[in-house]
Amino acid sequence: MTADILVPFDEVLERFDPALGLEVHVELNTASKMFCGCPTEFGAEPNTQVCPTCLGLPGAMPVVNGKAVESAIRIGLALNCEIAEWCRFARKNYFYPDMPKNFQTSQYDEPIAFEGFMDVTVPNEGGDDETFRVEIERAHMEEDTGKSLHVGGATGRIHGAEYSLVDYNRAGIPLIEIVTKPILGAGDRAPEIAKAYVAQLRELIVALGVSDARMDQGSIRADVNLSLSPKGSGVLGTRTETKNVNSLRSVERAVRYEMSRHAGVLDEGHKILQETRHWHEDTGITTSGREKSDAEDYRYFPEPDLVPVAPSREWVDELRGTLPENPTQKRARLQAEWGFSDLEMRDTVGAGALGLVEETIAAGATPQAARKWWLSDMARRANEAGVELTALAVTPIDVARVQALVDEGKINDKLARQVFDGLLAGEGTPDEIVEARGLAIVSDDGALGAAVDNAIAANPDVADKIRDGKVAAAGALIGAVMKEMRGQADAGRVRELILEKLS
Amino acid sequence: MIRRTAAELADALAAGETTSVEITRAHLDRIAEVDGAVHAFLHVDAEGALAQAAAADERRAAGTPASALDGVPIAVKDVLATQGLPTTCGSRILEGWVPPYDATVVARLKQAGLPILGKTNMDEFAMGSSTEHSAYGPTHNPWDLDRIPGGSGGGSAAAVAAFEAPLAIGTDTGGSIRQPGAVTGTVGVKPTYGGVSRYGLVALANSLDQAGPVTRTVLDSALLHEVIGGHDPLDSTSIDQPLPSLVEAARHGAAGDLTGVRIGVVKELGGEGYQAGVLARFQESVDLMVKAGAEVVEVSCPSFVHALATYYLILPAEASSNLAKFDAMRYGLRVLPDDIENPSAEEVMRATRDAGFGDEVKRRIILGTYALSSGYYDAYYGQAQKVRTLISRDFAAAFEKADVLVSPTAPTTAFKLGEKLDDPIAMYLNDLATIPANLAGVPGISVPSGLAEEDGLPAGVQILAPALADDRLYRVGAALEAALLEQWGSPLLDKAPDLDKLDRRSGVSR
């Protein structure tokens, strides 16, 4: 396989307009599956949460889960969609071993929700917040497939595997697929709009309480559609569909990569192949998903084993009343309450930290402290581990407690980072870690005085400068004391002692 | 014993004159005696049936029968899932599959205490009108063992006609209960769509399939229909309404008075293509109904001429998707391709489906796949659904003028085995008169109308009623049955040849 030719991002935009499309699958957190009574818990022993219906045994029939319909309607309403007065399920026919019936029960031309929008907040060129409207084409209900496990071979993929196992526990779990209309006019902001859309959609799903919304566990999965058209032509190009982009950061990267790759292909005078592509988190590239790229004919037709879903307008109105505060409005409210600048707010949202910051503030931290920890330290650690912030083993309550310890003068920021190390290593609560690791600040004058004396003796030049009134030079002596005390000295008290001794 | 109707057996059980074990054993003996020649059964469960019979006798002795039919044995078409009993659908691809669950119909039979004698033969996945498409060999018509017993439920009809079972369950997608009833001189009922649960019925065409009674009398069908009918939360297409009182309607009809009932003769279901003897018996039945006080009106249903074409688009489309699940991954046959080392899942699927499905099944999978293909959907499947609506409207208009509609059930009497096997269109034409009811979801019954003069073989008359008015079938059917019985002097099946005296045929493959 020859390496893709990639055109630098800025150059792509000189000559092309991107058209973006996002398909997001949300796994609902209903207690039972879409069409049967089997439980849906994550991580059970393979093939223990199955029955004749979700195993596709001959003769078994589906029955629609009313709770899943309710969740679908609430998602649709939250996305400003119309809710169908009457809609049907349809069969999507194709053969695959992890599909028990060799058709997926989905919706085709009659989705439960359609024609909506979501206002995504992204910065403009001047750095101020701007709203970008993403039009929603549809949100429809369907069932998940089973999960194949390919054993043997190096990659865990089907090629080279010795044999494959299938776990049908996931088969029949309710999914809502949310499809945008082509997003045009995004220009150089296409990657960040894509990321912001998925991040905001995820927030909305969390606020609705209809899904665990864990991208790392696959309860939210994004497919990225992208095409390029010659700048200003307004003609949509051929698109590719990059599957299972499973983190917010990857959404942005995948869009960026595909834009560069498409431009490279087009520059060479070749055509873009309409195909499915796989995103590789580790290498940050996409590769052709040949197995399913041949234009499939799914032979959709209405599912004859199910009656149409016809939600009454009274029910829809009742569900409208259960919607949580709109995240965009909520964000404006929180920004005002917290006194964040547009940039600070945007960074918080962009990092997927809004909820975490909110909970941390609720647990007692100041808005600035909460933001500081999540966006600097925690973001770095999550990035290093390649996981979402929410997946870190540090809770908002932990962060608030660590900040309280700093505010109480028990530890400083540097020691706080060691507490976070301990939390990530599972060493207990912040207080237990401070205790076990012996991290408390020394503010006892006896111990500090000796260290200050040592520092003065070792740095006579600096001491002279301070005596001459150059108080700013005290920093060097504080540094020396901190070094001796392994960072556990009360810096304020050290400064006072130095100035006392040298006045 | 075996010649008694289910109602008579139930009365004898209630009166303590006999036991379920005795009745069940008599039928098992009959099966052992004649089924080598008839081949109505694919699987006989003597042990299970006798155990259920013994339990029924205990309930009767304790004065707590589970239902009016408690202890009356029954045969079940092999298309319904039976926990612990093989279910093959007449196909090689399901050979050896033992379902871990009961179809709702089967569960209701068990609840009502009917011992299950075994599973009856059928065209593979219910595709056919002769039972010759069974992978396990054809069933023979008890009236003439060289002839077909109808299909797809030839096994159930033949079992009842040969006195191997007093009752049977069939399924009807385009006539598979009614047409076998007509050609074997038995009664068969296709209930209103949604009237009997389809949960556990291995689907041929989900929007057309209905399970229903196969019996020797109209009253027996009503008794059985009341056991299996009614809402089932496991089947979302089942109707959430109480059944009309069917047994009462049958008893009312048996009194012979049809005053005030308007009988609609469907112009399009008769005439050309129908055997003269069949038409003569039909006219005689209409005359008897008039004599009983009914008023006859002629009705026209112009869209019915498109019913067969419509059916052969909708059925294969749904079937092609339903049959996709038979892929060797989870149950049933698994065939490894000869010529491939380390075959992939797809290659195993292909080899299994090639070896496991018969020609008629493959033919319909190909037809259905084509009809649903992108670019053809609107012209075929979409158009067929529109015609289906027109057919429903024709029924609605006809039922404005008439309370029930009547026609011959099948255009001919039983033909010879092998006669139409190479001519699918000729085979499909057998269901010309029965298909419209499935397309519209309305109920229908086939009642024996006598023997055709030219060949001495049974013919049937079909009675159709509006959806949910199944009780009308029983009232009119029972009245006609009573009038015919009076004319014949004894039940039609008394004229069937005595199977005990026939040569045992050895050529029947088991």
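A residue is buried if 20 or more other C-beta atoms lie within 10 Å of its own, exposed if 12 or fewer, and partly exposed in between, with C-beta atoms placed from the backbone. Helices (H or I, at least four residues) and strands (E, at least two) are DSSP runs, numbered from the N terminus.

This is a predicted model: local features need pLDDT of at least 70, side-chain atom pairs count only at pLDDT 80 or more, and totals for chains, interfaces and linings use all residues. Residues are numbered from 1 along each chain as its sequence is written, while chains are lettered from A and ligands numbered from 1 in the order in which they are written.

**Strand E3 of chain A**

E3(A) covers residues 90-93. A:Ala90 and A:Lys92 point one way. A:Arg91 and A:Asn93 point the other way. All four are buried. In a regular strand the side chains alternate between the two faces of the sheet.

| Partner of E3(A) | Residues | Bridges | Sense |
|---|---|---|---|
| E4(A) | 103-106 | four | antiparallel |
| E14(A) | 301-302 | two | antiparallel |

A:Lys92 stands opposite A:Gln104 in E4(A). A:Ala90 stands opposite A:Pro302 in E14(A).

**Chain B**

Chain B holds 16 helices and eleven strands. Its radius of gyration is 22 Å, close to the 24 Å from the globule rule for 510 residues, so chain B is as compact as a globular protein of that length. The radius is taken over C-alpha atoms, and the rule is 2.2 Å times the number of residues to the power 0.38. Along the principal axes, the C-alpha atoms of chain B fill a box of roughly 70 × 55 × 45 Å. Of its 510 residues, 60% count as buried.

Key: Two strands pair if DSSP finds at least two bridges between them.
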